[in-house]
Amino acid sequence: MRSGFRGFGAVFYKEVLHVRRDFATLFFSLIIPILQMVLLGFGIDTNVRQINTVVYNADNRRQSRELLDRLKNSDTFHIIRYVETDRAMNEAIVSGSARVGIKIPVDYSDRLLHGQSAQVLVLIDGSDSSVSGIAINVTTSIGLDESLRRALPAGAAFAVDMRPQLLFNPDSRSPNFFLPGLTAILLLNVTTFLTAFAIVREKERGTLEQLFVTPVQPYGLLLGKLLPYFAIGFFELCLIVTAMRFVFLIPIHGSVILLALISLPYLFVSLSLGILISSKAGSQGEAMQLAFLTILPSVFFSGYIFPRETMPYIFRALSYLVPASYFINITRGIILRGAGIQDLWTDALALFGMGTFLLFVAARRFRNKVIMA
Amino acid sequence: MAIAPQTPAEASIAADHLIRRFGQFKAVNDVSFRVEKGEIFGFLGPNGSGKTTVIKMLTGLLPLSGGSAFVEGLDVRTDSEAIRERIGYMSQNYSLYYDLTVAENLQFYGRIYGLDTARLKRRIDETVEINGLGSYLNRLSAQLSGGWRQRLALSCAMLHEPKLLFLDEPTAGIDPVARRELWDLLFDLSGRGMTFFVTTHYMDEAERCNHVAYIYFGKIIADGTPQALKQLPQIQPHGTKRIGIVTPDATRALRAARTIPAIRSATIYGDSIHALVDENFDVSELTPLLSKHGVNVSEIRPLTPSLEDVFVELSSQHQESLETASA
C-alpha cells in the first residue's frame with residue numbers, strides 16, 4: 001500500500017459497517033429519490049390542457065357556436081361557464097375561477113355573412129406565463145385558420161403547409177423531459193448529503209481528531225470514506241435508470257454503458273462537494289443547510305426545469321459552472337436522442353475536469369481546515 | 001526552571017522553547033519540559049491555557065511556530081508519521097464509534113495501525129484481558145457506561161503497543177471507582193515501561209503523578225515532582241507559614257480573615273480556611289480577632305501546602321508579575 005493512502009482498507013471496511021448498521025438512512029436515501037421520480041413522473045404535465053374558460057356569447061347564432069366548438073375541440077380550453085355581461089366575465093377572471101375569457105360580439109355572425117372582418121375579444125390571465133402563452137397561440141391560430149377557410153375556395157390547399165414533427169419524444173410526454181434531468185439532481189442529493197454527513201458525524205463525535213493522531217494518511221482516510229458512498233451513488237443511478245425504463249416506460253435510445261461511464265466523474269463531483277461541505281460545517285444541521293445551498297443552483301441553473309438558452313446572460317454564464325448542467329445534457333442526450341460519445345465528449349470532458357479539480361481542492365481544504373485546525 | 005534537552009534521544013518527550021502563534025496570539029509561549037521514559041507526567045493548567053495545543057504540537061497535528069520537540073527520539077517537525085506509530089492518544093470524549101461493537105472498534109483501530117491478523121488477534125486478547133472487557137465484546141459501544149467506554153478507548157489506544165500514551169482528561173465525567181481503577185492500571189503499565197502524558201483537573205490525580213508541570217496562559221510556571229513543587233520557596237515565602245482554620249461559618253470567616261493584615265492570602269476548603277500568615281504571627285490571637293467579626297473558630301492547625309495551593313499561589317504570582325509588567 002502506498003504510504004499516501006495508508007489506512008484506506010481499514011477506513012473503508014469500517015465505513016461499510018456504518019452503512020450496514022444504519023440501514024434506515026440508506027433505505028431512505030434510496031427510496032426518497034424513487035418517490036420523487038414517481039411524483040414528478042406521474043404528477044407533473046407541462047403540456048397545458050383544458051384551461052378554464054368563461055364565455056360571453058352576445059351573438060349566440062350558428063357561426064358563433066361553431067367557433068366555440070372549434071375552441072373546445074382544440075383540447076386547450078374547458079368552458080366552465082357562460083355569462084351575459086362583460087362584468088361577469090371580468091369577475092370570473094379576477095376571482096381566478098377562469099383563466100381565459102372569450103367575448104363574441106353581438107354582430108359576429110352578421111359581419112361574417114357580409115364578408116366583413118369580425119372581432120373576437122380574448123382576455124387572458126397573464127399571471128402564469130406557460131398558460132397564457134398557449135392560450136395566445138391556440139386562439140390566434142384558430143382565428144387564422146378560420147379566416148383562411150373563409151378566404152380560400154372550398155377544397156384548395158394552403159400555399160405554405162407547415163408540418164412540425166416532434167423527434168425523440170413524439171407524444172411530448174413530460175416524464176421523458178423531466179426524469180433524465182432529475183437523475184442528475186437525485187444523484188447529487190444522495191451522494192453529497194451522505195458524504196457530508198459521514199464526515200461531519202466523525203467531526204461531531206471526535207473520532208476524526210482521533211484518526212489524525214494515527215498513521216492514517218489524508219488520502220487513505222478520504223478515499224476509504226468516499227468509496228462506499230461512491231458505490232451507493234452508482235447503485236442509485238442503476239436504480240433510477242431501471243425505474244425510468246421499466247416503470248415510466250421512457251425508451252433509452254443510447255448506450256447505457258456510456259451513461260454509466262460518464263456518470264463516474266459526475267459522482268466524483270458530488271462526492272467532492274460533500275467533502276467541501278464537511279470541511280466547512282461543524283454540525284450535521286449546518287451540513288444540511290450547506291448541502292441545500294449547493295443543490296439550489298443545480299435545480300434552477302442547470303436547465304433541469306428552465307431552459308438555459310432563455311436565461312439572462314449572467315445566469316447563463318453561471319450555468320456553465322454548475323456540474324449538473326453538463327450531466328443533464330448527457331443524460332438527455334443519451335437517453336432521449338441516442339447520442340454517443342462523439343456528440344457528448346465536451347460535456348464529459350468538462351465533468352471530468354470539474355471532478356478532478358474539485359476532488360483536489362476538497363482534499364487540500366480538508367487537510368488544511370480539518371486536520372491542521 | 002526548564003531543563004534543556006541535551007540528549008533528546010534518551011527522553012520520551014523533550015520539548016525545547018516551543019512556541020505556537022495563532023495570528024498575534026501566542027497560545028504556547030516558550031515552553032520547555034522533559035518527560036523521562038516510564039514516567040507518569042501530569043500536565044495541568046486551566047482550560048484554554050494551551051494544554052491541547054501542546055499535545056497537538058507533540059503529535060504532529062500542529063506545526064511549531066518556534067522551538068523544537070523530540071518524541072521518542074524523533075523530531076516532530078520531520079518524523080510525525082513515525083511518531084504516530086509509536087504513540088497512543090485517548091481524548092476525553094473517548095472517540096469511539098458508538099454504532100460499532102467493542103470488537104469492531106478494536107479491530108478498526110488495530111488495522112489503522114497496520115497490525116497483521118495474527119498480531120491483531122493477540123493484542124486484542126491481551127488488551128481485553130488487561131481492561132476486563134471480555135464479556136462486552138459483541139456489545140455496541142453506545143450501550144457501555146462511561147467507565148467501560150473509557151476502558152475500551154484505552155484498549156484502542158494501546159493496541160499497537162505504543163511507547164508513549166497521551167491521555168487528555170481521561171477521567172472527566174466518570175465515577176470515582178472507575179477513576180481509581182484507571183490509575184491503578186496506569187501504574188501497572190508504567191511499571192512495564194510505558195510512558196504517560198496525562199492532563200487532568202483532579203488534584204488527587206496530579207498528586208499521583210511522578211512528575212507534573214503547570215501551564216498558565218501559554219507558559220509553564222511549575223515543573224517538577226509534586227513533593228519538590230510543594231517545597232518551592234515562592235509557595236511558602238520566607239517569613240510565612242500556612243495554617244488551617246476550622247470554622248462552622250467559612251464564608252464569613254474568609255471575609256473577616258482578609259481584613260487581618262498578618263494574613264497574606266486565604267482560601268476556603270470545605271469547613272476550613274487555608275491561610276498564609278506571617279511567620280511570627282501568634283495564631284492564638286486569631287480566635288479573638290475573628291470572634292469580633294462574629295466568627296467562631298473550632299480549631300487552628302499548621303498545614304503543609306497541597307498541590308492545589310501550589311498552583312493557585314503560582315498562578316496568582318504569575319498574574320501579578322504580568323500586571324506589574326504591563327502597568
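Here is a walk through a predicted model with a chain A and a chain B.

Let's start with chain B on its own. If you trace its C-alpha atoms along the principal axes, they fill a box of roughly 75 × 45 × 35 Å. Chain B has 327 residues, and 39% of them are buried. There's also something to notice about who touches whom. Take the contacts in chain B between residues at least 6 apart in sequence: 70% of these join residues at least 24 apart.

Now bring in the partner. Where do the two chains meet? On one side there are 18 residues of chain B, and they are in contact with 19 residues of chain A. Looking at chain B's side, the elements that give two or more residues are helix 2 (80-86) and helix 3 (102-112) of chain B. Helix 3 of chain B gives the most to that side, with four residues. Sort the residues on chain B's side by class and you get eight nonpolar, four polar and six charged.

The largest nonpolar core has 140 residues, and the members that touch the most other members are A:Ala196, B:Ala69, B:Val71, B:Leu165, B:Phe196, B:Phe197 and B:Tyr214. Notice that both chain letters turn up in that list. Which element gives the most to this core? That would be helix 7 (residues 174-205) of chain A, with 16 residues. Leaving aside residues up to four places away in sequence, B:Val71 touches B:Ile13, B:Leu58, B:Val76, B:Ile83, B:Ile87 and B:Leu164. There is a second, separate core too: it has 19 residues, including A:Val54, A:Val55, A:Met89 and A:Ile124.

Helix 2 (residues 23-43) of chain A packs on helix 7 of chain A at an angle of about 160 degrees, and the two axes are 10 Å apart. An angle over 145 degrees counts as roughly antiparallel, so helix 2 of chain A is roughly antiparallel to helix 7 of chain A. The crossing of these two helices is right-handed. Helix 2 of chain A brings A:Ser29, A:Pro33, A:Gln36, A:Met37, A:Leu40 and A:Gly41 to the contact, while helix 7 of chain A brings A:Pro175, A:Phe178, A:Leu179, A:Leu182, A:Leu186, A:Asn189, A:Val190 and A:Leu194. By class, this contact of helix 2 with helix 7 of chain A has 10 nonpolar residues, four polar and no charged.

How does it sit against helix 13 (residues 323-337) of chain A? Their axes come within 11 Å and cross at roughly 170 degrees, so helix 10 and helix 13 of chain A are roughly antiparallel to each other. In this pairing, A:Leu258, A:Leu259, A:Ile262, A:Tyr266 and A:Val269 of helix 10 of chain A meet A:Pro323, A:Phe327, A:Ile330, A:Thr331 and A:Ile334 of helix 13 of chain A. Those residues divide into nine nonpolar, one polar and no charged.

Helix 10 of chain A also packs with helix 11 (residues 284-300) of chain A, this time at an angle of about 140 degrees with the axes 9 Å apart. Helix 10 and helix 11 of chain A are therefore oblique to each other, and their crossing is right-handed. The contact uses A:Leu273, A:Ile277, A:Ser278 and A:Lys280 of helix 10 of chain A, together with A:Ala287, A:Leu290, A:Ala291 and A:Thr294 of helix 11 of chain A. Here the classes come out as five nonpolar, two polar and one charged.

Finally, let's visit two single residues. A:Gln342 sits in helix 14 (residues 341-371) of chain A. Is A:Gln342 buried or exposed? It has 6 C-beta neighbours inside 10 Å, so A:Gln342 counts as exposed. Over in chain B, B:Ser316 lies in helix 11 (residues 307-326) of chain B. B:Ser316 is exposed because it has 12 other C-beta atoms within 10 Å, and the cut-off for exposed is 12 or fewer. B:Ser316 and B:Arg264 are 52 residues apart along the chain, and their C-alpha atoms are separated by 12 Å.

Terms used
Residues are numbered from 1 along each chain as its sequence is written. Chains are lettered from A and ligands numbered from 1 in the order in which they are written. This is a predicted model: local features need pLDDT of at least 70, side-chain atom pairs count only at pLDDT 80 or more; totals for chains, interfaces and linings use all residues. Two residues are in contact if their C-beta atoms, placed from the backbone, lie within 7 Å. Ala, Val, Leu, Ile, Met, Phe, Trp, Tyr, Cys and Pro count as nonpolar, Asp, Glu, Lys and Arg as charged, and the others, Gly among them, as polar. A residue is buried if 20 or more other C-beta atoms lie within 10 Å of its own, exposed if 12 or fewer, and partly exposed in between; C-beta atoms are placed from the backbone. A nonpolar core is a set of buried Ala, Val, Leu, Ile, Met, Phe, Trp, Tyr and Cys residues joined through C-beta atoms within 7 Å. Axes are lines fitted to C-alpha atoms, for helices over the stretch in contact, and angles run from 0 to 180 degrees between N-to-C directions. Angles under 35 degrees count as roughly parallel, over 145 as roughly antiparallel, 65 to 115 as roughly perpendicular and the rest as oblique. A crossing is left-handed if the near helix is turned anticlockwise from the far one by less than a right angle, and right-handed if clockwise.
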